[in-house]
Amino acid sequence: MKRLLSLIIGLLAVCGLLAYTSQSLEKSSGSTGSKVLNLYNWGDYIDPNLLTKFQRETGYHVNVETFDSNEAMYTKINQGGTHYDLAVPSEYMVSKMKRAHLLQPLDKSRLTGWGNFDQQFLNQSFDRGNRYSMPYFWGTLGIVYNDKMVKASEVQHWDDLWSPKFRDKIMLIDSARDIMGMSLVTLHKSMNTTDPQTLLAAEKRLNTLAPNVKAVVADEIKMYMIQDEAPLAVDWSGEAAEMLAGNSHLHYVVPREGSNLWFDNLVIPKTAQHYNAIYAFLNFMSEPKNAAQNAEYIGYATPNKKAKALLPKSVRDDQEFYPDQKTVDHLQVYRDLAPNIVELYNDRYLEFKMHH
Amino acid sequence: MRAVTKRRTWLYFIPYGLWLALFVVAPVALIIYQSFFDLGHHFTLGNYSTYFQSATYLKMTLNSVWYAFLITLFTGLISYPTAYFLHQLKHRQFWLLLVILPTWINILLKAYAFIGIFSQAGLANQFLTFIGIGPQQILFTNASFIFVATYIQIPFMILPIYNSIDDLNPAFVNASRDLGASNWQTFRRVIFPLTLPGVKAGVQAVFIPSLSLFMLTRLIGGNKVITLGTAIEEHFLTTMNWGMGSTIGVILIVAMIIVMTLTGDKKPKGGAPR
């Protein structure tokens, strides 16, 4: 009994000490008080050095909280009780949040870096006139291949994946919209189709791919591809960038006939409180030098034209991540579909997964 | 005097009662409540009719039950002899600790460890290459999924069986031998029936969680094994159709109740007579 009591007292003392230390550390870094900015971001989606630089320049301390899916972020902001000043939803989620009245319009008069952005990435269908959103990064969906096992010429198009020589060789990213979308492109249909018959056809088409599919996985795809576990994968450009950094035999292709063009965007949720900090941050992040530094750190494509000009030539001219105009013209942005259509995509996709 | 003790007893129940109400009854009630709403937040029975009319969901349910059954079966086949053997050992507490140890490690970490072992360049394939068979595709197969799930569940089966073997009065076994029963007869007629409650508890502890495993189906099974857990995850995280997700949740709860009833004790056994 005595030993138990001393154990409990000991544990409490350690906890108290830890709490005190962490609090005093937080105080010294200034995360409490009004000079803060609460950023709700994807995991590892900003160069931490930029956050330090931002604090040095403006005095605002950035608290970063992370999420791992658009839907999780939506649910959390929608349910209230949070105080995020900025969030980073993807394009279809921007429309969804807009419709749910979860966003506040941007005050363009307070934004200094708007002219730095490439016009072709502004004024998109998900947010006409960019009333609510500032593009953060953009990217594509494509094929990652390992040149030890697959020749570049063998995988230039989505249809190539259906080739019988790739039996049990392909890893797919576990995302209904993207995999169904890929199938729709091979059927020459829109990736935003709402027609149940077309979606059924897309599922049938996917079912014929099943023998070639080795696995349907998520983040682990990166690890598998780096370790040569599979020669082919269908994944997003951002994920591909990380894979390529980890294995020099890997390459990324965006099929010319069409693919998805996605955007992650900075938005101000209804819960925002620190407006001076928000605009200071948006302006800071749209400065070409900072945006370029961030793009180099993350490896995604920046929509900031002047920042792109600052990137090393090898990155700027990289067809894999900054595809040529002709390819970009064929890319399709996901529209926010009605919940019952989203359901339809997922049901069809689930049946494909059951099938393989 | 008696009334006071009775009131005291009630007081002791308060923490547990609160816990039960807040963390068991309320969530289950919420799930049942949610399962009656469609995407537009209208009251409906549609989720249930969708479920029972969809070949996909029914097949998925069958899949879940089948895999959970296989996992439980293999876990049982390995655990019973192990528990029996452990019980004969000298330093049993130590060996038992070694059995329990892996449960202290997060299931995700264990899954990732198996990815390392089973991958093309992993230990298992190195061994296969060494003995001349050559590398095989081990990951993303049904067998590897069942293997890893069984590995993870084994401690939860060994413990209750071990305890019931521990409770077994050795006098019964000796008596059976004295009366001329063979080893097999002793086991079949005496030891096994008396340790059956442990097996049942183990089946409950293994079968029910196995019904809704979903991280393993993706990490080890590569989504080649689709169980109800996969569907629930998708409904809550992707389609945001909480109604349908809850409906599947309710189905799982019902399945659990069925398993509990089938494996439950019909008459009170053991313990002090009241």
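**Helix packing, chain contact and local backbone features**

Helices α9(B) and α12(B) are roughly antiparallel to each other, a label given to angles over 145 degrees, whereas angles under 35 degrees count as roughly parallel, 65 to 115 as roughly perpendicular and the rest as oblique. The model is a predicted one, in which local features need pLDDT of at least 70, side-chain atom pairs count only at pLDDT 80 or more, and totals for chains, interfaces and linings use all residues. Residues are numbered from 1 along each chain as its sequence is written, while chains are lettered from A and ligands numbered from 1 in the order in which they are written.

Two packed helices are described by the angle between their axes and the distance between the axes. For α9 (residues 183-211) and α12 (residues 242-263) of chain B, the axes cross at roughly 165° and come within 10 Å. Here axes are lines fitted to C-alpha atoms, for helices over the stretch in contact, and angles run from 0 to 180 degrees between N-to-C directions. Helices (H or I, at least four residues) and strands (E, at least two) are DSSP runs, numbered from the N terminus. The crossing of α9(B) with α12(B) is right-handed, that is, the near helix is turned clockwise from the far one by less than a right angle, anticlockwise being left-handed. On the α9(B) side the contact is made by Lys200(B), Val203(B), Gln204(B), Phe207(B), Ile208(B) and Leu211(B); α12(B) brings Leu252(B), Ala255(B), Met256(B), Val259(B), Met260(B) and Thr263(B). Residues are in contact if their C-beta atoms, placed from the backbone, lie within 7 Å. The contact of α9(B) with α12(B) has 9 nonpolar, 2 polar and 1 charged residues, where Ala, Val, Leu, Ile, Met, Phe, Trp, Tyr, Cys and Pro count as nonpolar, Asp, Glu, Lys and Arg as charged, and the others, Gly among them, as polar.

A second pair in chain B is formed by α3 (residues 55-88) and α7 (residues 142-167), with axes 7 Å apart and an angle of about 45°. These two helices are therefore oblique to each other, and α3(B) passes α7(B) in a right-handed crossing. Their contact holds 17 nonpolar, 7 polar and 1 charged residues.

Attention can now turn to the chain pair. Between the chains, 24 residues of chain A are in contact with 21 residues of chain B. On the chain B side, α3, α10 (215-219) and α11 (228-237) each supply at least two residues, and that side has 9 nonpolar, 8 polar and 4 charged residues.

Within chain A, helix α4 (residues 91-99) is largely enclosed by the rest of the structure, because 7 of its 9 residues are buried. A residue is buried if 20 or more other C-beta atoms lie within 10 Å of its own, exposed if 12 or fewer, and partly exposed in between, with C-beta atoms placed from the backbone. The buried residues of α4(A) are Glu91(A), Tyr92(A), Met93(A), Val94(A), Ser95(A), Lys96(A) and Met97(A). Their cover includes α3 (70-79), β4 (103-104), β5 (133-146) and β10 (259-269) of chain A. After α4(A) comes His101(A), with a positive phi near 55°.

Two loop residues other than glycine also have positive phi. His188(A), with phi near 60°, sits in the loop between α5 (176-186) and α6 (196-209) of chain A, and is exposed, with 8 C-beta neighbours inside 10 Å. Phe140(B) also has phi near 60° and lies in the loop between α6 (123-130) and α7 of chain B; Phe140(B) is buried, with 26 other C-beta atoms within 10 Å.

Conventions: Two residues are in contact if their C-beta atoms, placed from the backbone, lie within 7 Å.
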